[in-house]
Amino acid sequence: MFTGIVQGMATLVAIEKKEMFQTHIIELSDDMVEGLTIGASVAHNGCCLTVTEINGTRISFDLMQATLRLTNLGRLKEGDLVNVERAAKFGDEIGGHSMSGHITLVADIVDVIKTENNRTIWFELPQESMKYVLSKGYIGIDGCSLTIGEVEENRFSVHLIPETLHRTLFGSREVGDQVNIEFDPQTQAIVDTVERVLANQNR
């Protein structure tokens, strides 16, 4: 489980392409490596990955083809940055919302509105996915737990403070970039349950 409070960014220092999967090696800070063990979970842009090798501060993760195809991790190049968060431990403060690290789909950034002290970013999703996007609800974007701002047809916005822009990839995101989306599981459960009940009533 993750909280959606990204702990920082890490550089992808190497990509090893193998048959039907890839190994990504990232450089973590000393404090992020402390206590890390093989088999532990670390979210990359919100996608839960398992540590397969530890070489100092260089940490390896294996990515299957489905992960590379369904998330923005398959578009990364050596030298790119990723948002990282280690798995939550029992007793940790949950500052965001509970996230599984299982990405549903990617969204396109369609507008970036920059002002002096904050930034508004608009995202576009397939229309059928917008039922899980509710104004003032939660959503996971590239591993960040964010509050949804405005919702319009198949688009929605989030408003970002300077700390988020400094700590995460959102400080450099531009129109045309793709981001990983994880819908709030409670919202998904409620929407799916209501749909199922209504469908049964209309039979």
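**Rings and backbone angles**

Tutor: Happy to! Keep in mind that this is a predicted model. Let's begin with two phenylalanines: F123 and F156 are both buried.

Student: How many aromatic pairs does a search of the whole structure find?

Tutor: The search finds two. In general, a pair of aromatic rings is described by the distance of the centres and the angle of the planes. The ring centres of F123 and F156 are 5.2 Å apart with the planes at 25°, and planes under 30 degrees apart count as stacked, so this pair is stacked. F123 sits in strand β8 and F156 in strand β11, 33 residues apart, so the pair links distant parts of the chain.

Student: And what form does the pair of Y132 and F183 take?

Tutor: Y132 and F183 are tilted, with 5.2 Å from centre to centre and 45° between the planes. This pair also links distant parts of the chain: Y132 is in the loop between β8 and β9, F183 in strand β12. Y132 is buried at 12% relative accessible area, and F183 is buried at 2%.

Student: Which residue lies over the face of W122?

Tutor: That is R155, at 4.4 Å from the ring centre.

Student: Now the backbone. What is the phi of M20?

Tutor: Most residues other than glycine have a negative phi. M20, however, has a positive phi near 70°. M20 belongs to the loop between β1 and β2 and counts as exposed at 55% relative accessibility.

Student: Where is E153 found?

Tutor: E153 is in the loop between β10 and β11. Its phi is positive too, about 50°, and at 70% relative accessibility E153 is exposed.

Terms used. Residues numbered from 1 in each chain as written. Predicted model: local features only at pLDDT ≥ 70, side-chain atom pairs only at ≥ 80, totals over all residues. Heavy atoms only, no water. Helix = DSSP H or I, 4+ residues; strand = E, 2+ residues; numbered from the N terminus. Buried < 20%, exposed > 50% of the residue type's maximum accessible area, 1.4 Å probe, protein only. Phe/Tyr/Trp six-rings, centres within 6.5 Å; stacked < 30°, edge-to-face > 60°. Lys NZ or Arg CZ within 6 Å of the ring centre and 35° of its normal.
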